[in-house]
Every structure is written in C-alpha cells, then in structure tokens.
Amino acid sequence: MRFVAIDVETANADMASICSIGAAVFEDGQLADEWYSLIDPKDYFDGMNVSIHGITEADVRGAPTFKAAMAEIERRIGDQIVVTHTHFDRVAMHQAATRWSVPAVRCTWLDSARVVRRTWADCARSGYGLSAVCKRIGYTFDHHNALEDAKASGHVLLAAMRDSGMDLDTMLKRVLQPIDPSASGSAASIKRDGNADGEFAGEVIVFTGALEIPRREAADLAASVGCEVGAGVTKKTTMLVVGDMDVQRLAGHEKSSKHRKAEELAAAGYPIRIIRETDFKQLVATAG
C-alpha cells in the first residue's frame, strides 16, 4: 500500500498563488519519505494569508516558481494515489498549472475529508476539519505548515482505514458513494441549505463583490455540492467567495465589509477560507 499526501499554502485569495508545498510518502502504513519547498508565486502576499502560514514575500525570494518546481512535483506525485484534506489543495494545483501553462499532474486524487465523513458517523456533517480529526486520533502537528499538514492528512487516512477495516482500494470506491449508502436522493432534493451528501456538506458559504454569474446561480451551485448559503459573514461562516475583479483590483486594500469581517474572524482563529469566484467554480466543477 502506497500513497502520497500533499498540502499547499497560498499567498492570497487566488488559489493559483501557491507559496509552499509539502509531500509525504506513506508505504505499508508508515511515513517513508517527505519533501517540502517554498514556491515563489510571483504574486502579492495578503496579510491575512501571511498571518496564517507565516510565509512572506521575502521568504520565497530565490525559491522556484511553480513552473520550475513542476518536474520535482511530477516526480514525486505523478501516477500516484495523492491524498489531500478537502478539495482545496487539488484545485490549487490545477489553478497553478493553468496559470503557469504546464500540464496538470496526472494522478488519482483521494480527499481524506470525504474519507473521514464516511468513516465516523459523528463527522458526517461537521467536525471533519484537519485539526479536529487529528485531535480525535491523537496526532499532533504544526497546522498550516504544508509538510506538517500533508503528514497529518496521511495519518488521518491511515486511522480511517484502521477503524473502518477498509483497504486503500476499497476506500477509493467508498468516497464515491453517498455518506449513507442506504439513503436515496435526487437532484430535486437539493435545497439552499445544502445537499447532505455533497462534498462540501457542513461548509457555510457567503458571496461578496461583483460576481460573473448571478448570486442566485452561485447559491444554487454552492447548495448542490453541500454548502449552506449565508447572507452575511458570521462565526459559522467557513468560506467567503470574492469576485475575481475585487481580488485583483483591491490587492489587499479597500475590501468589502464582508471581506474585512472574514479576515477579522480568521485572525481570531475561526476556520474561514477566502477564495476567488473562479476558484469556487472550479471547486464545484471538480466535486464528485
């Protein structure tokens, strides 16, 4: 049994702005190899992101760009089973490859958050964040360091396989099934409070700024993949989607009240992720 767990950190709300990457190889239930690299995104560093992962523009000076690092990334994860905790790192890799005009890595992706939601019943709707699950399994790590998060994701998968009795091949099939395989459902049952079997069930999403698509359509897309759609940012909000033009134009200045409130809550320790509309649509498109 072999898989590679990866994690990335980004410089700002643009998921393509990868500024670090970590990869941990697991073989036969043990950590076998690890790799970490800073990445120069050739982009600005938002203060909120820096406050989370501690990486600054000065830190990445002289580091390879994503394009320059791609050969090493491909060598380490190409044609492998690649584990990420939630869909974000997978989409960030896709968006960075698109920005740098390089082929996306060909591999088999496995979301350890989906694994968690199907392994422990009390995590089906909430409590499947990486920190919460690691506390559950007794694994300690330095959160928001890409290598540490990658290793944590790998250990979460190992614990889930142990507790469920499933091997890796079986788990790859299980994550494609509903959380409760005995339950029936259809597209007609999807509501604005979120599809319970959606990949992002438990996420509370809010939209701000000038979106390319109508807000109603954006809300429907979010609900279809499991998100509860909120009108304003609260302590329960887990994802803020910002219009692309707002991210590019503001570059860290004169943000909307929702954007500022989300940053304040994130700084206070609440798990809020801020992303662009383009990245949100990619998350929806690749959810499955």
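Visitor: How do strand 8 and strand 9 pair, parallel or antiparallel, and over how many bridges?

Guide: This is a predicted model, where local features need pLDDT of at least 70, side-chain atom pairs count only at pLDDT 80 or more, and totals for chains, interfaces and linings use all residues. Residues are numbered from 1 along each chain as its sequence is written, and side-chain values use heavy atoms, with hydrogens and water left out. Strand 8 (residues 239-242) and strand 9 are parallel, joined over four bridges. Strands here are DSSP E runs of at least two residues, helices are H or I runs of at least four, both numbered from the N terminus, and two strands pair if DSSP finds at least two bridges between them.

Visitor: Which residue is the bridge partner of M239?

Guide: R273, in strand 9.

Visitor: And what packs on that sheet?

Guide: Helix 11 (residues 257-267) does, touching strand 6, strand 8 and strand 9. Its direction makes about 145° with that of strand 8; such angles run from 0 to 180 degrees between N-to-C directions, with axes as lines fitted to C-alpha atoms, for helices over the stretch in contact. Contact means heavy atoms within 4.5 Å.

Visitor: What's the strand order there?

Guide: The order is 7-6-8-9 in an open sheet of four strands, with parallel pairing. Strand 7 (228-229) and strand 9 (273-276) are the edge strands, each pairing on one side only.

Visitor: Switching topic: where does L31 sit?

Guide: L31 is in strand 3 (residues 30-38). Strand 3 pairs with strand 2 (residues 18-27) in the antiparallel sense over eight bridges. The two strands form a hairpin with two residues between them, and D28 in the turn has a positive phi of about 50°.

Visitor: What does L31 touch?

Guide: Leaving aside neighbours within four places in sequence, L31 is in contact with A24, V25, F26 and K151.

Visitor: How confident is the prediction?

Guide: The chain averages a pLDDT of 90, and 92% of the residues score at least 70; pLDDT is the predictor's confidence in each residue, from 0 to 100. Over residues 183-191 the pLDDT is below 50. Where pLDDT is low, the predicted coordinates should not be read in detail.
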